[in-house]
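The exercises below concern charged side chains and the contacts between them. Please work through each task before reading its solution.

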Protein chains: 2
Amino acid sequence: MTDLPDGPIAVLCGGVGAAKLLTGLQRVVAPERITAIANVGDDLELHGLHVSPDLDTITYTTAGAVSRERGWGLDGESWQAMEMVGRYGGVDWFSLGDRDLGTHLYRTHRLAEGASLGEATAEIVAGWDLGFHLLPVTDDRLRTMVTTADEGEITFQEYFVRRQHDVAVSAVRFDGAEDATPAPGVLDAIADATVIVIAPSNPVVSIDPVLAVPGVRDAIAARRNDVVAVSPIVGGEALKGPADRLLTELGRESSVVGVADWYRDITGVLVIDNVDAHHAPGIEALGIRPVVTNTIMSEPTITDALARTCLAAR
Amino acid sequence: MTDLPDGPIAVLCGGVGAAKLLTGLQRVVAPERITAIANVGDDLELHGLHVSPDLDTITYTTAGAVSRERGWGLDGESWQAMEMVGRYGGVDWFSLGDRDLGTHLYRTHRLAEGASLGEATAEIVAGWDLGFHLLPVTDDRLRTMVTTADEGEITFQEYFVRRQHDVAVSAVRFDGAEDATPAPGVLDAIADATVIVIAPSNPVVSIDPVLAVPGVRDAIAARRNDVVAVSPIVGGEALKGPADRLLTELGRESSVVGVADWYRDITGVLVIDNVDAHHAPGIEALGIRPVVTNTIMSEPTITDALARTCLAAR
């Protein structure tokens, strides 16, 4: 058993990978100690609804309600609404399940009533009886925009879902970031945390939009010695999604060293997979301490061990 | 066989009763001849979506897709989204089925893209391969507001669904009506029709909001000799909904004579049920010709006979 630190824990999160690590963290320490600070750059307004994919992936996964088959969305999902949208020739490239729609209906209603995204999120988390704290990094509008070779600038979901991230990217921009402020609780959670974990999410399009909210990057950098990042790149490739491709397209190295370089100002530790042990010197050369372990969360015992390693690594 | 007139037919419509008569009209004449002009005073914005209950009841019923069990909404419906809204403690007194939600998602998306309600409606009707024309009476915002003794003024759906219309009403108002204009095609459909049918809908809260759009009442009144109204009151009672109660509460008579009086400026004919035959003289006294038949559309042959009677009655 590793000796785990006391005190609050903050976790910077994207979607699927972060959600998985959070399940482990919540098994190894009391969920109440954990504040997840999540990306909202993937959010979209679709059919009049406010959809927050990363917030919902984290909630559903933590609740044990995520579809194991698909790896996203809810278990026991049905698709009647989308079939009807298809009947009318409507926009159906972004699939919204019927159960999932209930979450978007609720969130949209609360936002229209004047609730903040953070308030609506807390209510949704409470609806699943979850003990951890989930904060959108900002209550303001922030949208990840991706410049592609053939279509120019498109929204993140147009890139990620409609184009299946199968297109060359030359730039990423976080629309609205400059005018955004951290949501209530975000800066405090970072300042108060004993350990700050950067989840194994896409550095370019999941973690960077979190850091792009004015004040957040500085707050993390000020705690650099207590920050533990987990590399989403294993053996040069992303476990899921286009992190490898994006790093290369943006002129970086798709390796744990490339990730260390991306995070060099904000993390003191980088957790890398066993297969990347030979890269340890390259990471050390950037002033970051590498921690080598199994980072592929293929079963709960591995996930829990990774969670313990993160907490003990600072 | 009655001898039916040629030419276009216009039908002023509320929801369920109108939808039923429309199925008959579409069996006895070519659907392409029929233009239904529907109430939008029941429309609501809910969870960010634009819901048009009367337009959808007409579409679904005409498509043969309405739930026979419930008499509203779609057959084969599921309620996964609403269950989820309930999990969060959200607004769930207005039930939106999963299939039905697809229609609202499509409509809301098209409105956000700048389509008019009439355009979105035509697309939805086309999605069901229906041949008739369905027009909202106006593309503008018009909302039926009901003044109740205990809650003051509330929206129509708060009255009709949330309160189950089990509350005393002292006034009805059509918010936005003064500034509304008839949707493209509405005045032409009225001017061009050989016969104008006023469906057996609630005169107070279904037909009156249609007439409240500036220009519509005058256009109908100008065609009074070609207008055939069907009484929604049979034997002093509404077949469905609160028409009887509303007439009484607003100081009118809940009878076919009360309906005749309500419509005296705009209809030349009132079709009444056999049980009300003794009221014929009272209707004639108002300058309206009564036509007595079976108006209870309990099976298709009766519905079709009523449709023929309406068309032949002018």
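**Exercise 1.** With which residue does Arg141(A) form a salt bridge, and how far apart are the closest N and O atoms?

*Solution.* The structure is a predicted model, and a pair counts as a salt bridge when a side-chain nitrogen of Lys or Arg lies within 4 Å of a carboxyl oxygen of Asp or Glu. The partner of Arg141(A) is Glu45(A), with the closest N and O atoms 3.7 Å apart. This pair links distant parts of the chain, since Arg141(A) sits in the loop between strand E5 and strand E6 of chain A while Glu45(A) belongs to strand E3, 96 residues apart. Arg141(A) is partly exposed at 48% relative accessible area, and Glu45(A) is likewise partly exposed at 44%. Both residues are also linked in a network of salt bridges that includes Arg143(A), Glu153(A), Arg173(A) and Asp175(A).

**Exercise 2.** Describe the salt bridge between Arg27(A) and Asp304(A), and state which parts of the chain the pair ties together.

*Solution.* The closest N and O atoms of Arg27(A) and Asp304(A) are 2.8 Å apart. Because Arg27(A) lies in helix H1 and Asp304(A) in helix H13 of chain A, the pair ties together parts that are 277 residues apart in sequence.

Terms used: Residues numbered from 1 in each chain as written. Chains lettered and ligands numbered in written order. Predicted model: local features only at pLDDT ≥ 70, side-chain atom pairs only at ≥ 80, totals over all residues. Heavy atoms only, no water. Helix = DSSP H or I, 4+ residues; strand = E, 2+ residues; numbered from the N terminus. Buried < 20%, exposed > 50% of the residue type's maximum accessible area, 1.4 Å probe, protein only.
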